[in-house]
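Welcome, and please open the model in your viewer. We will go from stop to stop, selecting residues and looking at what is around them.

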Amino acid sequence: MSAPVHLRDRLSLDSTVPFATDLSHIVFGISSSAETWDRERPYNELWWRPGEMHGYVWLDEDPPADSTWPSTCPPYRVSTFNASTIGGSPSAARIARTIVESYKAVMAEPGSREIRWFVIGDDSTVLFPENVVAVLNKYDHEEMYYIGSISESVEQTVRHSYSIAYGGAGFVVSQSVAAELALMMDGCLERYANLYGSDERVQSCISELGVILTIEPGFHQVDLHDDIYGLLAAHPVAPLLSLNHLRHLKPISPHWETQVEAVKSLIEVSKHDPSRTLQQAICYEHRPGVNWSVSVSWGYSVEVYPQHVSSKELAKPLMTFRTWRTRSPGPFTFNVRPVDPNRACDLPLIFFLDQAKSETGRNGIIRTITEYSRNMTDNVISSCKLQSYIKALELETVTVYATKMDPDDWKRVNSL
């Protein structure tokens with residue numbers, strides 16, 4: 001009888017010639033439950049691509065017998081682990097094992113599919129797959145990696161940790177980490193049964209392997225309330241990887257009635273240029289009667305300020321949101337600009353995306369054309385009397401031309 005071959009050994013058999021990571025090298029594990037799935041399903045359907053992506057939705061029990069599982073979603077599996085035997089919160093333990101469940105499911109499949117990474121998220125997590133691929137190509141998949149990001153609210157990070165990847169934002173482990181967790185995680189979960197949630201348990205088990213968190217700021221837990229416009233309009237210099245907690249927020253664009261419609265618009269425009277999505281560009285217009293500072297969040301919004309605002313200030317998100325737990329005006333894990341309605345000339349006119357298209361020039365260079373129209377429901381009538389503001393009110397649309405960004409450009413940006 002031949003010795004058993006672990007997946008990590010099998011994966012290395014054909015790795016003599018390295019090549020770029022693509023979607024076929026990734027398994028997506030989505031933590032859910034029979035109770036919450038139908039509520040969160042529309043967000044999963046926005047980003048999941050049947051036939052192109054591989055992964056599972058992990059439930060605590062089978063869905064109702066009279067229901068049909070949609071083909072527009074990842075296939076579901078029911079967790080095989082009796083989490084009630086280890087103490088603490090059974091749901092937290094079950095969700096923490098999504099990595100192990102996904103790894104074992106791949107192990108049981110026939111064939112020799114090469115899996116390099118496991119991307120783990122909640123049923124409320126919206127992912128941007130091309131950007132996830134671009135980021136993972138920065139890293140050696142044969143090394144042990146745990147990649148994600150922390151909460152936006154300091155009160156959350158202080159309470160839980162600055163060294164854990166928040167599961168709602170989504171996080172990634174290399175296949176070598178998943179393989180090791182498959183050998184030791186059940187015993188590890190018993191040791192950490194007193195911890196609050198799945199995120200802390202996962203991090204504690206991974207830390208026993210000597211692996212620390214690698215932060216990628218494009219993963220967004222969105223531990224925020226109210227309106228995350230400010231965050232999206234001044235995104236960090238990093239590819240947009242995920243958004244979470246969207247059901248608890250105002251629609252990200254006033255051009256749409258529901259959050260699902262608004263997020264779908266962002267996902268659709270991202271298909272034209274995934275790497276450039278939400279990337280900020282700043283420019284200035286100075287001429288007689290006009291002194292504008294313009295901030296573009298590609299594929300989302302354009303801000304026109306009626307006076308000079310430094311690029312340092314424009315790179316700080318407007319504080320249009322509050323903290324997750326106490327709904328306080330901060331602190332946050334990034335710098336913000338307060339919004340003072342009494343200082344009207346400090347506020348921008350805001351234009352939101354209407355449409356986008358791509359075109360290829362004679363030289364073969366692809367460029368995008370995105371058009372934004374002014375938000376007519378908020379902050380249009382202002383007490384700002386600057387001539388520059390009066391001229392800005394004449395603007396109805398803004399058109400942005402941009403060459404398509406090369407995903408490999410992100411290899412030159414270091415993670416935090």
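**First stop: a loop arginine**

Select Arg49: this residue is buried, because its relative accessible area is 18%, under the 20% cut-off. Keep in mind throughout that you are looking at a predicted model. Arg49 sits in the loop that links helix H2 (37-47) with strand E2 (54-59). Now show what surrounds Arg49: not counting residues up to four places away in sequence, it touches Leu23, Pro129 and Glu130.

**Second stop: H7 and H8**

Next, colour helix H7 (residues 175-191) and helix H8 (residues 198-207). Their axes come within 9 Å and cross at roughly 115°. H7 and H8 are therefore roughly perpendicular to each other, and H7 passes H8 in a right-handed crossing. To see the contact, show side chains on both helices: H7 brings Val177, Leu181, Met184, Met185, Cys188 and Leu189, while H8 brings Arg201, Val202, Ser204, Cys205 and Ile206. Sorted by class, the residues in this contact of H7 with H8 are nine nonpolar, one polar and one charged.

On the H4 side, select Ile99, Val100, Tyr103 and Lys104; on the H7 side, select Gln175, Ala178, Ala179, Leu181, Ala182 and Met185. The contact of H4 with H7 has eight nonpolar residues, one polar and one charged.

Which residues touch the most other members of the largest nonpolar core? Select Phe28, Leu246, Ile252 and Val302, the answer among its 74 residues. Then centre on Ile252: leaving aside neighbours within four places in sequence, Ile252 is in contact with Ile228, Leu232, Leu246, Gln259, Ala262, Val263, Leu266, Tyr300 and Phe352. Apart from this core lies another, of 36 residues, including Val100, Ile120, Ala178 and Cys205. You have already met Val100 and Ala178 in the contact of H4 with H7, and Cys205 in that of H7 with H8.

**Last stop: a loop lysine**

Finally, go to Lys316, in the loop between helix H11 (311-314) and strand E14 (321-323). Leaving aside neighbours within four places in sequence, Lys316 is in contact with Ala234, Asn335, Val336 and Arg337.

Notes
Residues numbered from 1 in each chain as written. Predicted model: local features only at pLDDT ≥ 70, side-chain atom pairs only at ≥ 80, totals over all residues. Heavy atoms only, no water. Axes fitted to C-alpha atoms, helices over the stretch in contact; angles between N-to-C directions. Helix = DSSP H or I, 4+ residues; strand = E, 2+ residues; numbered from the N terminus. Parallel < 35°, antiparallel > 145°, perpendicular 65-115°, else oblique. Left-handed = near helix turned anticlockwise from the far one by under 90°. Contact = heavy atoms within 4.5 Å. Nonpolar A, V, L, I, M, F, W, Y, C, P; charged D, E, K, R; others polar. Core = buried A, V, L, I, M, F, W, Y, C linked by side-chain atoms within 4.5 Å. Buried < 20%, exposed > 50% of the residue type's maximum accessible area, 1.4 Å probe, protein only.
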